Structure formats: C-alpha cells, structure tokens
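User: I have just opened this one and would like a guided look. Could you take me through it step by step?

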Amino acid sequence: MDSTTECLTDWMTRQRWYAGKGRIPQLVEVFREEWQAHATTPYDGAPSSEPESSTADPSSADDDARIIVLLVRDLANNPPSLYHVPMVERSTIPKGAGPYLIGRTDDDRYLFDGAFDPLYTTELLHRLSVTRADTRSRVHGGEQSNTSIIYDQGSEAAVVAKIFRLVHTGENPDVTLQTALTSAGYRSVPRMLGYLSGAWHDPYEHEERSVGHLAFAQEFIPGVQDGWQIALQSSADGEDFTAHAERLGRTTAEVHTGLAACLPTREATLGDIVGFVAGWHQRLAIATSDVPELRALRPAIEAVYDSAQDAPWPKLQRIHGDYHLGQVLRRPSGEWLLVDFEGEPLRPLLERTRADSPLRDVAGMLRSFDYVVGARRNTAADEAARDAVDPEWARAARAGFLDGYIAESEVDLRAHRQLLDAFELDKAVYEAMYEARNRPAWLPIPLAGIRYLVSEERLAARR
Ligand SMILES: Nc1ncnc2c1ncn2[C@@H]1O[C@H](COP(=O)(O)OP(=O)(O)O)[C@@H](O)[C@H]1O
Ligand SMILES: O=P(O)(O)O[C@H]1O[C@H](CO)[C@@H](O[C@H]2O[C@H](CO)[C@@H](O)[C@H](O)[C@H]2O)[C@H](O)[C@H]1O
C-alpha cells in the first residue's frame, strides 16, 4: 500500500458515503489523474455561512497545490466497489482546512478532500461546462450517499454539482434520466447543466477501457423543502397529508409518462416476469442471512412473490428506482420536484439502467409514508409519545398518493394490486437489509411493514 491509499484507508471509514460500514477498506488505486486548474485569477472565496460544511479559506493557499482525481477499488467489499476520490495536494495546511485533511504522504505533502477545497471545486465547475463568475461553494450538509457542492454566492443562478462516490462502468441513471427529462422540458426535475465522464483501465473489470459518469451539475433550487422533513412535521402536527400526497402522486405519474415518452419501453415478457420474481427471491435469500428476523416471515413473503407470476403486468420503462420521500422536494409554490435518479445504491448498475416496472417507484413511496410513522415512533421521547403517533396519517397519505397517481397515469394501478404488494414487499426486504447495515435501530420499521403485507387482513383485501 502506498502512502496515499494508507491515508485514505482511515479517512474513508469516517465518510458517510463509505458503503462498507464496519469494515476496514482494502484499497487499491486503479486510476489517477492530475487536473490542471484553468482559473487564472486568485480565489477570493469568503468563508461560507455554513461553518460545519464550509470550504477551506483559500487566501492562504500555496502555489504548488495540485488537484488529483483518484479511483480506488475497495477489495473489502464483494464485489469490490470503486470509489471516486478527488483530492487537493498541498505543501501546507491552509487556514481553516484542518477538518478536510485526509492525511500526509511520505514526501510530506498534505492531502485534502477536494469537495471542500476551492482549487478543485472551481475546476470541477469548469469541467462541467458551467460558467459562473462567483465560484465560492459549500458542501451540502445533509445525509448523502454522494457529495453535493453548492455554488450559491452572489447574484447568479445557483448551481449544485454532485460528485458520485461509487462509480461504475456505463451510464449513471442520475445523469441520463434527468438529462432526458430536462431536454423534454419537464419542470418536475431540476434543470441539468452538464456532466463529467471519466475513462480508466481497471484490472478488476473485463473491459480494456471503462467509461463512466463521475459528476454532474444542475440548477440548485433555493427555498425547497425536503419531502421527508415536510412529512415528519405534518405527521407531528396531526395534519392531513392527503392533498400533498395526491399532488405528489400526480407528479410521479407525470414523470413516469415523461420517461416512457423519452426512453425505450416494452411489454413485460414471460422471461422478464420470471426474472423479476427470481430477483425478489434472491434478494430475500441474501436479506434473510443478514437479518435473522426475516427467517420466520420468508414462506409468507415467497407466497406473495409467486402469486405475482400470474398477475397482469404494466409495460416496463425507465423509472426513478429508489423512490422515497427523501428524494422529493417541494417548491414554495407547492409543486413537487424529483431528484436522485441513481436507483438503489445496493443494486448492480446493470439492473438499475434497464427498463423496469413503474410499480417499483409507487411501492417505494408507499413504504416511505409508512416510514414516517415508524420513524416518529422509533424516535419518540417516551412510551406516551410513541403511543400518540397516529398510524392513520400513513393510511391517508398512501390513499391520496395512489388516487393522484391513478388520476394522471396511463397505468391503472387498481388492476395491479397484487403485483404492487409484491413490489412493496421487495422494497421492505431491501430496507431491512439497508437498515441492518446502516441504521440497525430502524430495522423494526421495515419488519413491521413486511408483517402487515403478509398479514391475514392484507391477504383478505387482495382476494
Ligand atoms: N437541484 C437541487 N436543488 C436543491 N436542493 C437539492 C438539489 N439536488 C439535491 N438537493 C438536496 O440535496 C439532497 C441530496 O441530494 P441527492 O441527489 O439525494 O444526493 P445523494 O445521491 O447523495 O443521496 C436532496 O435530498 C436535497 O435536499
Ligand atoms: O441514500 P439514498 O437516499 O439514495 O437512499 C438510501 O437511503 C435511504 C435512507 O436515507 C433509504 O430510505 C429508507 O429510509 C427513508 C427515511 O430515511 C424512507 O423514507 C424510505 O422509505 C426508506 O426506504 C433508501 O432505501 C436507501 O436506498
């Protein structure tokens, strides 16, 4: 291991985007590129107003600083994941840059997280073909699987650049789907401004040369509220969310119609259906070994999966792929916006880039309404507060969302109830696996959802 990968090993385990939680990374460098900075004027970035996520003070930057873009394979993961790590190498530690230090190399150079360094963030914007006079930036402070850099100083329109942390050969659907919707004039996704691809040779892949997306830029919409936060607040206030959910259902259907118009669709063949059902069973088998609580529920889940074999299927098309309340934003006008079309990070890219069932997204959002109630119960201060959480909130939201979707969609969801339950179960099984790995205290939420979906009450409603 060289000194750069040695520095990265410890640092990466502390990053929210490091997917191998609890494991020690075993890193191998597969690609290294030095970027020449195009900016000619000295940076004049003032410290950001968000101290916890501000970029380093560039005024003390040294002249021989270098931008290094690395791709590293983590062999601790199976299959080995490929991480994108842009860094800035400097001979000194600029004032304020201490928190973004990755480590010191054998030749006494300091490595910094590029996302927080103005040398990298300015050059990134240039390579994304975005022209902005004021390139001061800040890093998005919330929970994220990737890293978003926001350029919103001064009077120009604000921009957000997302750097993908896990990269793959081939398209990243976050880029392709939002580009297609932007080109077709849809306002329900932020406008795509540009993207950056990389080409590398990776001994862990068969291709001679791999090409994949590394980052993209889109308009940053100020003043939007996160759907998850709005929903939690609404449930806490005892508000009826039906009308908001109905509007979200309509927007979801509109986006599905848009994706079906811009990108290929096809009828689900028998082979597709067998493939979906086999995939559900496979995921359940993996999840059951990760989550022992699923063992007793497995036969009942499998029965729902098998019944989907004979159900009618709507056409397959490109979809969001990891749809939940954390992926939707509400404009001050009340309109909903969809972001993060990358699909479920735990699924292979090949599965995330082919035509899929729109029912997967519908099921994802239904699960998310259930999560609102589950999360509030889970985080309640005491038993009384826990008992006060009204499960009716989720039922009303689910009903409103389905009504809105049905009103706007070409897919008649009422004809697909059984299939929708199978997709909802598959999502809850994914969540159980996700929570067991990332937030074990939240595991009871998907488990309760699964128990409900295989309950007698639910079976009776499906008959
Ligand atoms: N274009 C945008 N305008 C305003 N806020 C945004 C925009 N894109 C993303 N965000 C905010 O950043 C968060 C993280 O973005 P997301 O694409 O979900 O990243 P990740 O793939 O890392 O999870 C979103 O939940 C939202 O709050
Ligand atoms: O990181 P991403 O946003 O791409 O998605 C992953 O993390 C989500 C959690 O942050 C996870 O979603 C689950 O928790 C949500 C509440 O935090 C809830 O609304 C979703 O219904 C539930 O699935 C998502 O599954 C995962 O891929």
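**Helices, domains and ligands**

Analyst: Helices here are DSSP runs of H or I with at least four residues, and strands are runs of E with at least two, numbered from the N terminus. This is a predicted model, in which local features need pLDDT of at least 70 and side-chain atom pairs count only at pLDDT 80 or more, while totals for chains, interfaces and linings use all residues. Residues are numbered from 1 along each chain as its sequence is written, and chains are lettered from A and ligands numbered from 1 in the order in which they are written.

User: At what angle do α4 and α9 pack?

Analyst: Helix α4 (residues 227-236) and helix α9 (residues 358-378) pack at about 65 degrees, with axes 10 Å apart; axes are lines fitted to C-alpha atoms over the stretch in contact, and angles run from 0 to 180 degrees between N-to-C directions. That makes α4 roughly perpendicular to α9, a label for 65 to 115 degrees, with under 35 being roughly parallel, over 145 roughly antiparallel and the rest oblique.

User: Which residues in α4 and α9 meet?

Analyst: Ala231, Leu232, Ser235 and Ala236 in α4 meet Val372, Val373, Ala375 and Arg376 in α9, contact being C-beta atoms, placed from the backbone, within 7 Å. By class, six of these residues are nonpolar, one is polar and one is charged (Ala, Val, Leu, Ile, Met, Phe, Trp, Tyr, Cys and Pro are nonpolar, Asp, Glu, Lys and Arg charged, and the others, Gly among them, polar).

User: New topic: which residues come nearest to ligand 2?

Analyst: Of the 15 residues around ligand 2, Ser145, His324, Ser368, Tyr371 and Glu431 come nearest, where near means a C-beta atom, placed from the backbone, within 6 Å. Helix α9 returns here, giving the largest share of that shell with three residues, and the shell has five nonpolar, four polar and six charged residues.

User: And why does ligand 1 lie between the domains?

Analyst: Ligand 1 lies between domain 1 (3-221) and domain 2 (226-462) because both give residues to its shell; the bounds come from an automatic or database domain assignment. That shell holds 20 residues, the closest being Gln144, Asn146, Pro190, Ile221 and Asp340.

User: How far apart are the C-alpha centres of domain 1 and domain 2?

Analyst: They lie 31 Å apart, and the contact takes 20 residues from domain 1 and 26 residues from domain 2.

Conventions. Contact = placed C-beta atoms within 7 Å.
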